[in-house]
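Below is a set of questions and answers on a single protein chain.

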Amino acid sequence: MTLTTDPPGTGAGTGTPDRTASTGSSDLPAGPPRLARADAEALGDRIQQQAALIAEATYQFLLMLAEFDQRGGTGWYAGLKSTAH
């Protein structure tokens with residue numbers, strides 16, 4: 001995952017939140033603390049890994065559904081036309 005130099009919502013190159021840019025008010029609640037760059041990279045890597053696991057599991061699931069339909073598995077269930085129903 002590639003990160004930019006300035007995280008979203010920060011002043012250009014300052015590394016500090018720019019809370020006045022969209023509302024014109026500086027008295028907004030602070031919200032959760034920003035991630036440090038190393039923490040953002042680590043969390044981004046974990047997100048990518050989890051997304052890959054989900055994609056792989058979805059692929060395997062769809063293969064099983066296709067085999068079930070192709071081999072007549074639905075015939076054993078009354079009223080079930082296909083696994084899409």
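Q: In which segment does Ser-82 lie, and is Ser-82 buried or exposed?
A: The model is a predicted one. In it, Ser-82 belongs to the segment after α1. The cut-off for a buried residue is under 20% relative accessible area. Ser-82 has 15% relative accessibility, so Ser-82 counts as buried.

Q: Which residues is Ser-82 in contact with, leaving aside its neighbours within four places in sequence?
A: Contact here means heavy atoms within 4.5 Å. Once the neighbours within four places are set aside, the contacts of Ser-82 are Asp-69 and Thr-74.

Q: Is Thr-74 buried or exposed, and which residues does it touch, not counting those up to four places away in sequence?
A: Thr-74, like Ser-82, lies in the segment after α1. Its relative accessibility is 11%, and therefore Thr-74 counts as buried. Not counting residues up to four places away, Thr-74 touches Phe-68, Asp-69, Leu-80, Lys-81, Ser-82 and Thr-83.

Q: How many helices and strands does the protein have?
A: The helix is α1, covering residues 37-70. The secondary structure of the protein comes to 1 helix and 0 strands.

Q: Which residue just after α1 takes a positive phi?
A: Helix α1 covers residues 37-70. Just after α1, a positive phi of about 75° is taken by Gly-72.

Q: How many salt bridges does a search of the whole structure find, and which residues form them?
A: A salt bridge needs a side-chain nitrogen of Lys or Arg within 4 Å of a carboxyl oxygen of Asp or Glu. Arg-37 and Glu-41 meet this at 3.2 Å, N to O. Arg-71 and Glu-67 meet it with their closest N and O atoms 2.8 Å apart. The search of the whole structure finds 2 salt bridges.

Q: Why are Arg-37 and Glu-41 separated by about one helical turn?
A: An α-helix has 3.6 residues a turn, so residues three or four places apart point the same way. Arg-37 and Glu-41 are both in helix α1, and the reason for the separation of about one helical turn is that they are 4 residues apart.

Q: Is the aromatic pair of Phe-68 and Tyr-77 stacked, edge-to-face or tilted?
A: A search of the whole structure finds 1 aromatic pair. The ring centres of Phe-68 and Tyr-77 are 6.2 Å apart and their planes are at 45°. Planes under 30 degrees apart count as stacked and those over 60 as edge-to-face. The angle lies between these limits, so the pair is tilted.

Q: Which residues make the nonpolar surface patch of about 270 Å²?
A: Residues in such a patch need over 30% relative accessible area. Leu-43, found in helix α1, is partly exposed at 34%. The patch is made by Leu-35, Leu-43 and Ile-47.

Terms used:
Residues are numbered from 1 along each chain as its sequence is written. This is a predicted model: local features need pLDDT of at least 70, side-chain atom pairs count only at pLDDT 80 or more; totals for chains, interfaces and linings use all residues. Side-chain values use heavy atoms; hydrogens and water are left out. Helices (H or I, at least four residues) and strands (E, at least two) are DSSP runs, numbered from the N terminus. Rings of Phe, Tyr and Trp (its six-membered ring) pair if their centres lie within 6.5 Å; planes under 30 degrees apart count as stacked, over 60 as edge-to-face and the rest as tilted. Patches are made of residues with over 30% relative accessible area and no salt bridge: like charges are joined within 9 Å, nonpolar side chains (Val, Leu, Ile, Met, Phe, Trp, Tyr) within 5 Å. Accessible areas come from the Shrake-Rupley method with a 1.4 Å probe; for residues, only the protein chains shown count as cover. Buried means under 20% relative accessible area, exposed over 50%, partly exposed in between (1.4 Å probe, protein chains only).
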